[in-house]
Number of protein chains: 2
Amino acid sequence: MRGEFELIAKYFAPLAEAAPGAQGLRNDAALFDPTGDDSLVLTLDAMVSGVHFLPGDPPETIGRKLLRVNLSDLAAMGARPRGYLLAAAFPKDIDEAWIAAFAAGLAEDQARFGVALYGGDTVSTPGPLTLTLTAFGEALGDRALSRATARAGDLVYVSGTIGDGLLGLEALRGGLPDLAETHRTYLAARYRLPEPRLELGRRLAEAGLASAALDVSDGLAADLSHIAGESGLASEIEAGAVPLSPAARTVVEAAPERLAGLLGGGDDYELLFTVSPSRAGEVAALARELDLPLTKIGQMAVGQGLRVRDSAGREMALEGTGWRHF
Amino acid sequence: MRGEFELIAKYFAPLAEAAPGAQGLRNDAALFDPTGDDSLVLTLDAMVSGVHFLPGDPPETIGRKLLRVNLSDLAAMGARPRGYLLAAAFPKDIDEAWIAAFAAGLAEDQARFGVALYGGDTVSTPGPLTLTLTAFGEALGDRALSRATARAGDLVYVSGTIGDGLLGLEALRGGLPDLAETHRTYLAARYRLPEPRLELGRRLAEAGLASAALDVSDGLAADLSHIAGESGLASEIEAGAVPLSPAARTVVEAAPERLAGLLGGGDDYELLFTVSPSRAGEVAALARELDLPLTKIGQMAVGQGLRVRDSAGREMALEGTGWRHF
C-alpha cells in the first residue's frame with residue numbers, strides 16, 4: 001500500500017479542495033476566517049471499530065456516520081456547519097480499497113452538508129480502526145442553543161422518530177428475524193446514516209423558539225434527563241406519544257414490553273427540545289415547512305428526575321439510561 | 001472504575017473551567033468567540049500507544065506531549081493558541097490513577113501555554129490507548145506563516161537543537177548505554193516534552209520575518225524537503241552547521257556516522273524557517289531577545305531536491321527521509 005503522504009494526497013486532499021484555508025492539507029495547520037460576528041462552534045467525536053460500528057460495515061457509511069454524528073452536535077446548538085478535521089488510525093493491513101470507499105463516502109456527505117476537510121492526521125495502529133472527527137461551524141453567540149436553559153412548564157418535543165438506531169443495530173446483528181425486509185433495510189439505514197437535523201436546529205435558534213435543545217445520542221430518556229438535570233428541573237414524558245417509525249411500531253406491536261428499551265436506546269440523532277406552550281403553534285408551522293415530524297412528548301416541571309407514563313397514566317420503569325463505555 | 005460521565009466530570013471538566021464557551025463540557029459542542037479580525041487556525045494530531053509513545057511512559061507527559069505537538073503546529077503558523085478538544089479512547093482495564101495523572105499533566109501545560117479544554121469525547125477501545133487532540137488558535141490571516149512561500153536565495157534557519165527527540169527515544173528504549181546519565185535524562189525530557197516555539201512563531205509572523213516556516217516533526221531533512229517542494233525550490237544545508245545539544249554532540253563525536261541519522265530523525269518540534277539574507281540581522285537580534293538559538297544551516301535555491309554537504313563540502317547521503325506509518 002501507499003505511504004501516508006501518498007494516501008493523504010490521493011484520498012484526503014481532494015476533500016479539502018473547497019477549503020482554501022486547508023492549503024491542500026500540506027501545511028501544519030489550516031486557516032479559517034469566521035463570518036462577521038458569529039461565534040465559532042466546535043465539537044469532536046471518536047469512533048472505534050467494534051465499539052461504535054461493526055467491523056464489516058460498509059466503509060462508505062462509516063465516515064459518513066462519523067461526520068453526521070458531529071454535524072448533529074452542531075445542529076443541537078443551532079450552528080451552521082463549515083468544516084471538519086479528521087484523524088484516522090488505520091491498522092497496518094488495511095486495504096487501500098477500504099480507504100478509497102471511506103473517502104468517497106465523506107466526499108458525498110461533505111457536498112450534501114456544505115462542509116470541507118480542513119486538516120487531519122493519518123497514523124497506523126496495532127489495534128482496531130479508530131476515527132476521530134472535529135467539526136466546526138458558526139452560530140450567533142447569544143442565540144446558540146443550550147441544554148441547560150429549559151423552563152418549568154415548557155413542552156418537550158422530539159424530531160423524526162425514536163428507537164430506529166437501536167433496532168437498526170439489532171437488525172444488522174441478525175436480530176429481529178421476523179421483521180419484513182423493507183423494515184430491516186429501513187432500520188439499518190437509520191443506524192448507519194443518521195440525519196443531522198441542521199435546518200431544524202438553525203431555525204429553532206434563529207427564531208429563539210427552543211428554550212433548550214440537544215441531540216438524542218445517549219437515548220431519549222438519558223438525554224431528556226440531561227436537559228432536566230442541567231436546567232435544574234424535572235421532566236415527564238408520555239411513552240405513547242413518542243414517535244415511532246412504521247418499522248419500530250411493528251416491533252412494539254408484536255412485543256409491547258420493548259417500548260421502554262427504545263426510549264433508553266441511543267444513536268437516534270434526532271433533536272430533543274423544549275418550547276414555551278405559548279409557541280406550540282410555531283412548532284407545528286415549522287414542522288410543516290420542513291416536512292419533518294416535530295412531536296410533543298411531554299413537559300418540564302419544577303423538581304428533578306424523569307418520569308415516563310404509559311398510555312394508562314402509570315409510571316413505567318426504564319432499563320438503564322443510555323449507553324456507557326465504562 | 002467510574003463511568004465516562006463521572007470520569008469527565010472529575011478529571012476533564014476542571015480543564016474546561018477557563019473556557020466559558022465549553023460550558024463545563026456538558027453541552028453538545030463548545031462556543032468560541034474569535035478576537036476581532038483574526039483568522040482561526042486549526043490543527044489535529046493523533047497518538048497511539050506503542051506507535052507514538054511507549055506504553056510505560058509517564059501518563060503526565062503523554063498528554064502534555066500531545067498538546068505540545070499540536071501547539072507546535074500552531075507555532076509553525078505564527079498563531080496564538082486559544083484552546084483544544086481531546087478524544088481519548090481508553091482500554092477498558094485502564095487504571096483511574098493513570099487518567100488522573102494524564103489530566104494533571106494537561107492541567108499543568110494548559111496553564112503554561114494559556115489554553116483550555118473546549119470539548120472532548122471519552123470512549124472505550126479493545127485496542128491500545130489512542131488520543132487525538134485538536135488545537136485551535138488565532139493568527140492574522142495575511143501574516144500566517146506557510147511552508148510554501150520560500151524564495152530562492154533565502155537563508156534556512158532552525159531554532160534550538162536537532163536530533164534530541166530521536167536520541168531521547170533511543171535512550172528510553174535502553175540504547176546509548178555509554179552516554180552519561182545527565183545526557184540521557186536531558187534527551188529523554190526532550191523526547192517526552194518538546195517545547196513548542198510559540199513566541200518565536202508569533203514574532204516571525206508579526207514581523208513578516210520568515211518567508212516560510214514549519215515545525216520539524218518528520219525530521220529536519222524531510223521537513224526542509226517539504227518547504228523546498230511546496231515552494232518549488234531546491235535547498236542545501238551544511239551538516240556541520242546543524243545545531244546539536246551537548247548530549248547529541250557527545251553521541252556524534254563518538255560516532256560521526258550518526259550525524260546523517262539525526263538529520264533524518266523526527267520529533268524535534270523546532271521551527272525551521274527561511275529568511276531573506278537582508279534580514280539576517282533581525283534574526284540574530286530576535287535570537288538574543290528570546291534567548292533561543294536560531295542557527296543558519298543553509299539556503300534555498302532555484303531547482304529542486306535537498307542537498308546536504310559535510311564540513312569538507314562533500315555531498316552526504318541521508319538514510320530515509322523521516323518517519324512513515326505505512
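**Close-up views of a predicted two-chain model**

**View 1. Q23(A) is a buried residue of the predicted model, with 21 other C-beta atoms within 10 Å.** Because the cut-off for burial is 20 or more other C-beta atoms within 10 Å, the count of 21 places Q23(A) among the buried residues. The model shown in this and the following views is predicted. Q23(A) belongs to the loop that connects helix 1 (4-12) with strand 1 (30-32) of chain A. Its phi is near 45 degrees, a positive value in a residue that is not glycine. Most residues other than glycine have a negative phi.

**View 2. Q23(B) lies in the loop between helix 1 (4-12) and strand 1 (30-32) of chain B.** The residue is not a glycine, yet Q23(B) has a positive phi of about 45 degrees. Q23(B) is buried, since 21 other C-beta atoms lie within 10 Å.

**View 3. The interface brings 58 residues of chain B into contact with 59 residues of chain A.** On the side of chain B that touches chain A, at least two residues come from each of helix 1, strand 1, strand 2 (39-48), helix 2 (59-77), strand 3 (80-91), strand 4 (116-125), strand 5 (130-139) and strand 7 (212-215) of chain B. Strand 2 of chain B provides the largest share of this side, 9 residues. By residue class, the side of chain B that touches chain A comprises 28 nonpolar, 17 polar and 13 charged residues.

**View 4. Strand 2 (residues 39-48) of chain A pairs with strand 1 of chain B.** The pairing is antiparallel and extends over 3 bridges. Within it, V41(A) has L31(B) of strand 1 of chain B as its bridge partner.

View 5. Strand 8 (residues 234-238) and strand 10 (residues 294-301) of chain A run antiparallel and are joined by 4 bridges. In strand 10 of chain A, G298(A) is the bridge partner of I237(A).

View 6. Buried residues in helix 6 of chain A include L198(A), L200(A), G201(A), R202(A), L204(A) and A205(A). Just after helix 6 of chain A, G208(A) adopts a positive phi of about 60 degrees.

**View 7. The axes of helix 1 and helix 3 (residues 96-113) of chain A come within 10 Å and cross at roughly 40 degrees.** Helix 1 of chain A is therefore oblique to helix 3 of chain A. The crossing of helix 1 of chain A and helix 3 of chain A is right-handed. L7(A), Y11(A) and F12(A) of helix 1 of chain A make the contact with I99(A), A100(A) and A103(A) of helix 3 of chain A. The contact of helix 1 with helix 3 of chain A consists of 6 nonpolar residues, with no polar and no charged ones.

Definitions and conventions:
Residues are numbered from 1 along each chain as its sequence is written. Chains are lettered from A and ligands numbered from 1 in the order in which they are written. This is a predicted model: local features need pLDDT of at least 70, side-chain atom pairs count only at pLDDT 80 or more; totals for chains, interfaces and linings use all residues. A residue is buried if 20 or more other C-beta atoms lie within 10 Å of its own, exposed if 12 or fewer, and partly exposed in between; C-beta atoms are placed from the backbone. Two residues are in contact if their C-beta atoms, placed from the backbone, lie within 7 Å. Ala, Val, Leu, Ile, Met, Phe, Trp, Tyr, Cys and Pro count as nonpolar, Asp, Glu, Lys and Arg as charged, and the others, Gly among them, as polar. Two strands pair if DSSP finds at least two bridges between them. Axes are lines fitted to C-alpha atoms, for helices over the stretch in contact, and angles run from 0 to 180 degrees between N-to-C directions. Angles under 35 degrees count as roughly parallel, over 145 as roughly antiparallel, 65 to 115 as roughly perpendicular and the rest as oblique. A crossing is left-handed if the near helix is turned anticlockwise from the far one by less than a right angle, and right-handed if clockwise.
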